[in-house]
Amino acid sequence: MSQTLVIGGGPAGLMAAEMLLDAGHGVILADAKPSLGRKMLMAGKSGLNLTKVEPLETFIEAYRDDAARLRPMLRDFGPGQVRQWAQDLAQDTFVGSSGRLYPTAMKASPLLRAWLARLIAKGLDIRTRCRWTGWDHNGAACFETPKGPLALTADATVLALGGASWARLGSDGKWADQMAQGNVAVTPFAASNVGVVVSWSDHMRRFFGSPIKNACFSAGDQTQRGEVILSARGIEGGGIYPLSPSLRDGAALHIDLMPDLSHDALITRLKKTRGKQSLSNHLRKALRLPAQVMALLNEVQRPLPSDSAKLAQLLKAVPVPYTGLRPMDEAISTAGGVAFSGLTSDLMIKNRPGVFCAGEMLEWDAPTGGYLITACLSTGRWAGLHAADYLDGPISS
């Protein structure tokens, strides 16, 4: 029986380990933290979004520039397979109104416990508090452990080391230095699915924590309908997280506060008799705008235009004066990572035969909404299956 090594105990690493175990190979799984799946557990505190139930090609196209390279893996293990995988772990699921799939338990811990129990029953050898530090001159994987340095030799290795956000949970991106030393190309990390920085005036302070609901957000060629939260640091939430690729490039950010009304229909409403009301009161009553929305409008343009057409134009495209993205360690995920140009189609490092990469450490960028974890599972499965194939014969280039 061949001995294999998986480094990283998140969804990608666990899935790779299971594929290798099912193929009859012994697997040691090493992780730097005292326990596995920490980022998965944190993501699941408010409801673990496993995937999104929609036509497969629509799902794949959500990955934008990365769709072509991820397509084979997502076709092999996409939303339908993710749901079946959870059910096989005795975790019932349900589909929310937006098409997002969640465990009925609405948290990650029961699913993770069931998965780890199944893997241990299959013979998985788990080594925690083992931080990978690279390879020695003999090709052995080197680790720092509480008991001192450790070197492990394996017939095949899957690296699933995560991205560069949420360092406290294990995804710190420090592995990029070791990869560079091993002559493996890594594209620079960048924050993704993250809030924007806005320098608010003092009059916004009392609205921190308030939501902007049922709006449409746009940046560059991207649009997203959803909700955000006004905070002391800027704006955060699902309404803008998917716009990260365009926001990283400095595209202007706008909010359509009335996405269900056309510009002309909005003008008609605004032209209703105002009487002696102030413009603010007229807006609040005619459009039912909450106080935090009125505050936002006054923040970006004061005084508000009295002309109905100009006011409608503002309401349909409120400019947000953001100055950048929040720090990478606050991001849900990161773009960048091990360059696909240095990998085979099987996710093996071209200049290091027998070493495969999977999960968020790869050079791809996923929006929130189940796309991130699904691609981690699918690339982990792909790498694990092809690592098993590698042990049994030649691998494609």
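**Rings, domains and backbone**

Modeller: A search of the whole structure finds nine aromatic pairs, where rings of Phe, Tyr and Trp (its six-membered ring) pair if their centres lie within 6.5 Å, with planes under 30 degrees apart counted as stacked, over 60 as edge-to-face and the rest as tilted. This is a predicted model, in which local features need pLDDT of at least 70 and side-chain atom pairs count only at pLDDT 80 or more, while totals for chains, interfaces and linings use all residues. Residues are numbered from 1 along each chain as its sequence is written, and side-chain values use heavy atoms, with hydrogens and water left out.

Colleague: How are the planes of Tyr63 and Trp364 arranged?

Modeller: The ring centres of Tyr63 and Trp364 are 6.4 Å apart and the planes meet at 55°, so this pair is tilted. Tyr63 sits in the loop between α3 (56-61) and α4 (67-76), and Trp364 in the loop between β20 (355-357) and α13 (371-392), so that the pair links parts of the chain 301 residues apart; helices (H or I, at least four residues) and strands (E, at least two) are DSSP runs, numbered from the N terminus. Returning to the planes, their angle of 55° makes the arrangement of Tyr63 and Trp364 tilted.

Colleague: Which kind of pair do Trp85 and Trp115 form?

Modeller: Trp85 lies in helix α5 (residues 79-88) and Trp115 in helix α6 (residues 109-121), so their pair ties together parts that are 30 residues apart in sequence. The centres of these two rings are 4.8 Å apart and their planes stand at 80°, so the pair is edge-to-face.

Colleague: Is Trp115 buried or exposed?

Modeller: Buried means under 20% relative accessible area, exposed over 50%, and partly exposed in between (1.4 Å probe, protein chains only). The relative accessible area of Trp115 is 0%, so Trp115 is buried.

Colleague: What separates the centres of domain 1 and domain 2?

Modeller: The domain assignment of the chain gives domain 1 (3-191 + 332-392) and domain 2 (198-325), and such bounds come from an automatic or database domain assignment. Taken over C-alpha atoms, the separation of the two centres is 38 Å.

Colleague: How many salt bridges does the rule find across the interface of domain 1 and domain 2?

Modeller: A salt bridge is a side-chain nitrogen of Lys or Arg within 4 Å of a carboxyl oxygen of Asp or Glu. Asp365 forms a salt bridge with Arg248, and their closest N and O atoms are 2.8 Å apart. Across the interface of domain 1 and domain 2, the number of salt bridges found by the rule is two.

Colleague: Which residue is joined to Arg302 by a cis peptide bond?

Modeller: Most residues other than glycine have a negative phi, and most peptide bonds are trans. In the loop between α11 (291-300) and α12 (308-316) lies Pro303. With omega at about 5°, the cis peptide bond joins Arg302 to Pro303.

Colleague: Is Asn193 buried or exposed?

Modeller: Asn193 is a residue other than glycine with a positive phi near 50°, and its place is in the loop between β11 (186-192) and β12 (196-198). Asn183 also has a positive phi, of about 60°, and at 61% relative accessibility Asn183 counts as exposed. Asn193 has a relative accessibility of 1%, and therefore counts as buried.
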